[in-house]
Amino acid sequence: MRKRQGAVASGGPGGGDGVAPEAEEEIKEEGGDADGGGQEEGEMENEDAVERRSRPLERFFKRPQHLRRLIKVKSKLMLRATVTGDRTGTMRVRDYVKMPRTVQTIDKVSFTLGVVGLLVTQFVATEHPEFFWLYYLVSAPIIFVYRVIQYSMIKYHYFLIDFCYYANVACFVHILAAPSSATLFRSVFAYSNGPILWAIPLWRNSLVFHSHDKVQSVFIHTMPAILTWCTRWYGQQDLTWGGGAGPLLDGMGGDGLSLDGRSGGGFSMDGGGQRGRSHPISGGSGMRVRLSVEDLQRPMGVAEMATELYFWPVVGYVAWQVAYLVKTELWDVKRLDEDPELVTSLRWLANDYKTPVTRWALRTSRRIGLFDRDELFDASSLKTKFVFVSLQLIYTIVTFLPIPLCYVSKVFHTALMLLAFLSCIWNGAEYYIDIFSRRYAAKFEAGAATGSLRDEDKADSAVAEANGEGKAHGGDDQAS
């Protein structure tokens, strides 16, 4: 089909509510000629007449097909004009975001938002750690909604069912559905400070502020760790109504929320001056809703700690793995086979031999005789699937091992997080110096700015391979 072009006549010379010839052509392309005749149309009209007789009131509520197409085209042209500034509506949004000036503007906005987000996160984590759960609850959905839209457009959406997103969903479940469950929190703690946190150095997540995709990947892998750090060592404070009307989740009554614990407007952000201290709240049920430091510092025996920090987290991981395999190998297997452009973690890893993990897995598989000496991974073969499912299970269990020490020692927990964050910053520095400085200028000089995440990944990999560095420091969360 040739490129569609159209223009809204209203607002231009001559005014009116009509549609320009180009837009009419687009209507014809999308829905056919509304004034055409012939035998087929006559048969359709007879069928429509029978349908109208069977449902006589539907014509009063259903817009004509031509009008629906007209509304669709005019809406598309108005969107183009609003986003691109082209009043004729001939420039498509997908073409506009590929223009060098637009790409540069988007990168500047992403850089600014990334730095501001980092500052706000630091402020909340250090000044109001007992309310970090609320900050996460507000900010995380914005990131995830944007990523769902972005990844769906480039057929990356199967990454959205990877374990890192499962762990973030577990954070939401704990905050919203079971805020007083210490058992669920410890499973979330294991996920957040185990496989999700270790994925930062393993998959080379990079703090690259101008790239919204890389900043989002850093957010997805670091925020659960920060959330559980704040909860473990400072507790989660209930939102309370001023005047002691009880927890926010326990009833919507009282004289308004208080900023300083006194009765009056605004909500409480200091917990009455008792950070992380368990206390009954007057009004409502009189019981605290969220976990306090005392709740999480209760002594545990070896058997209980093994159950809470190893057994239940592994059960949750296995449940995710089974659901993932059912989704990709049973429900959607036909769709994945018919569309090779759909990307899953398995396809990504099995075809990317620049990744150290993939190279190590292939060498090990050949060494133990599972693969022949000249055999490569095939994402559709059972052997390849077995290798990567087993590899991820081993990785998850290994990263669970230091979790009890993180849980009982604030120093060790903080040091482990800082090391992971330091690797993220270092990867970002390497990206800016080794890859970005060359690729970013070159793509504008060659007029090759695409604005596509797929193309950015390919360009980063090409530059890194030319530099002899293996896989680019992309910061994406594939296979995490």
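Author: Helices here are DSSP runs of H or I with at least four residues, strands are runs of E with at least two, and both are numbered from the N terminus. Buried stands for a relative accessible area under 20%, exposed for over 50%, and partly exposed for the range in between, with a 1.4 Å probe and protein chains only. The model is predicted, and local features need pLDDT of at least 70, side-chain atom pairs count only at pLDDT 80 or more, while totals for chains, interfaces and linings use all residues. Residues are numbered from 1 along each chain as its sequence is written, and side-chain values use heavy atoms, with hydrogens and water left out.

Ile 200 belongs to α9 and counts as buried because its relative accessibility is 0%. Leaving aside residues up to four places away in sequence, Ile 200 touches Asn 205, His 221, Thr 222, Ala 420, Ser 423, Cys 424 and Asn 427; a contact requires heavy atoms within 4.5 Å. One of these partners, Asn 427, stands 227 residues from Ile 200 along the chain, yet their C-alpha atoms are separated by 9.5 Å.

After α9 comes Arg 204, with a positive phi near 55 degrees. Most residues other than glycine have a negative phi. Arg 204 is not a glycine, and it lies in the loop between α9 and α10. Arg 204 is classed as partly exposed because its relative accessible area is 28%. Lys 155 also has a positive phi without being a glycine, at about 65 degrees. Lys 155 is placed in the loop between α6 (132-153) and α7, and its relative accessibility of 26% is why it counts as partly exposed.

The helix α10, beyond the loop of Arg 204, also takes part in the lining of the largest cavity, to which it gives the most, with three residues. A cavity is a set of points, on a 1 Å grid over the protein atoms alone, where a 1.4 Å probe fits but cannot get out, and lining residues have an atom within 4 Å of a point. The lining consists of Cys 171, His 174, Phe 185, Val 188, Leu 227, Thr 228, Thr 231 and Gln 236. Two or more of these residues come from each of α7 (163-176), α8 (182-193) and α10 (212-234).

Arg 232 falls within the range of α10, and its charged end sits over the ring of Tyr 407, 4.4 Å from the centre. Such a placement requires NZ of Lys or CZ of Arg within 6 Å of the ring centre and within 35 degrees of the ring normal. Elsewhere, Lys 383 lies over the face of Phe 371, at 4.7 Å from the ring centre.

Of its 480 residues, 42% count as buried. Among contacts between residues at least 6 apart in sequence, 70% join residues at least 24 apart.

Technical notes: 1 Å grid on protein atoms, 1.4 Å probe; cavity = no way out; pocket = protein on both sides within 12 Å on 5 of 7 lines; lining within 4 Å.
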